[in-house]
Amino acid sequence: QISKLPSIASTFSASRVVTCEWTNQALSKIMDAFDRDHLLLHEAFSVFDAGGDGVVSMSEFTRAIARMKPPLEADKAQIFALFASIDTNARRGVDLVEFVDFFHRLYQNR
């Protein structure tokens with residue numbers, strides 16, 4: 001599971017730890033949805049990239065998360081934190097390589 005990822009939570013405040021734990025659980029649920037729908041990572045990216053421009057925007061990400069079954073219970077701040085964790089280059093958009101690399105690393109640690 002994602003909980004096997006290296007944890008730096010001990011260096012943060014209690015609220016930051018909760019955020020890290022929630023993010024890990026949310027990412028695990030997203031990956032469970034990929035698995036349930038038998039999606040390869042590039043196919044999952046296409047689900048998030050509704051506009052088809054090769055970059056998942058924050059609004060596209062939010063809409064995809066809102067359509068998840070079962071639903072991912074999250075407020076706007078949590079969705080932003082989740083998006084920011086995937087947007088590793090901090091360009092306010094996630095491209096295919098970034099998306100695949102991010103989730104590939106998570107799958108390796110499952």
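Helix α1 gives the most to the lining of the second largest pocket, with four residues. A word on terms: helices (H or I, at least four residues) and strands (E, at least two) are DSSP runs, numbered from the N terminus. A pocket here is an open set of points on a 1 Å grid over the protein atoms alone, where a 1.4 Å probe fits, with protein on both sides within 12 Å along at least five of seven lines; lining residues have an atom within 4 Å of a point.

This is a predicted model, so local features need pLDDT of at least 70 and side-chain atom pairs count only at pLDDT 80 or more, while totals for chains, interfaces and linings use all residues. Residues are numbered from 1 along each chain as its sequence is written, and side-chain values use heavy atoms, with hydrogens and water left out.

Back to the pocket. α1 (14-36) and α2 (41-48) each supply at least two of its lining residues. Among the lining residues are Ile30, Phe34, Arg36, Asp37, Phe48 and Met68. By class, the lining has eight nonpolar, no polar and four charged residues; Ala, Val, Leu, Ile, Met, Phe, Trp, Tyr, Cys and Pro count as nonpolar, Asp, Glu, Lys and Arg as charged, and the others, Gly among them, as polar.

Now the chain as a whole. The protein chain has five helices and two strands, in the order α-α-β-α-α-β-α. Of its 110 residues, 33% count as buried, where buried means under 20% relative accessible area, exposed over 50%, and partly exposed in between (1.4 Å probe, protein chains only).

In α2 the buried residues are Leu41, Ala44, Phe45 and Phe48. They cover an arc of only 105° around the axis, which puts them on the same side of α2; the arc is that of the directions from the helix axis to the C-beta atoms.

On to α5. Its 13 residues (96-108) should span 18 Å at 1.5 Å a residue, and the end C-alpha atoms are 18 Å apart, which agrees. The expected span is 1.5 Å times one less than the number of residues. Buried in α5 are Glu98, Phe99, Phe102, Phe103 and Leu106. Those residues fall within an arc of 110° seen down the axis, so they line one face of the helix. The face turned away from that buried side carries the exposed residues Val97 and Gln108. At the start of α5, a side-chain oxygen of aspartate 95 comes within 3.3 Å of the backbone nitrogen of valine 97.

Tyrosine 107 is also in α5, and at 25% relative accessibility tyrosine 107 counts as partly exposed. Tyrosine 107 and serine 28 are 79 residues apart in sequence, but 9.4 Å apart in space, C-alpha to C-alpha.

Threonine 62 sits in α3 (residues 58-66). Its side chain reaches the backbone oxygen of methionine 58 at 2.8 Å.

Last, the backbone. Most residues other than glycine have a negative phi, and most peptide bonds are trans. Lysine 69 and proline 70 are joined by a cis peptide bond, with omega about -10°. Proline 70 is in the loop between α3 and α4 (76-86). Alanine 90 has a positive phi of about 55°, and arginine 92 has one near 65°. Alanine 90 is exposed at 61% relative accessibility, and arginine 92 is exposed at 75%.

Conventions. Polar contact = N/O pair within 3.5 Å; in protein donor to acceptor, adjacent residues only side chain to side chain.
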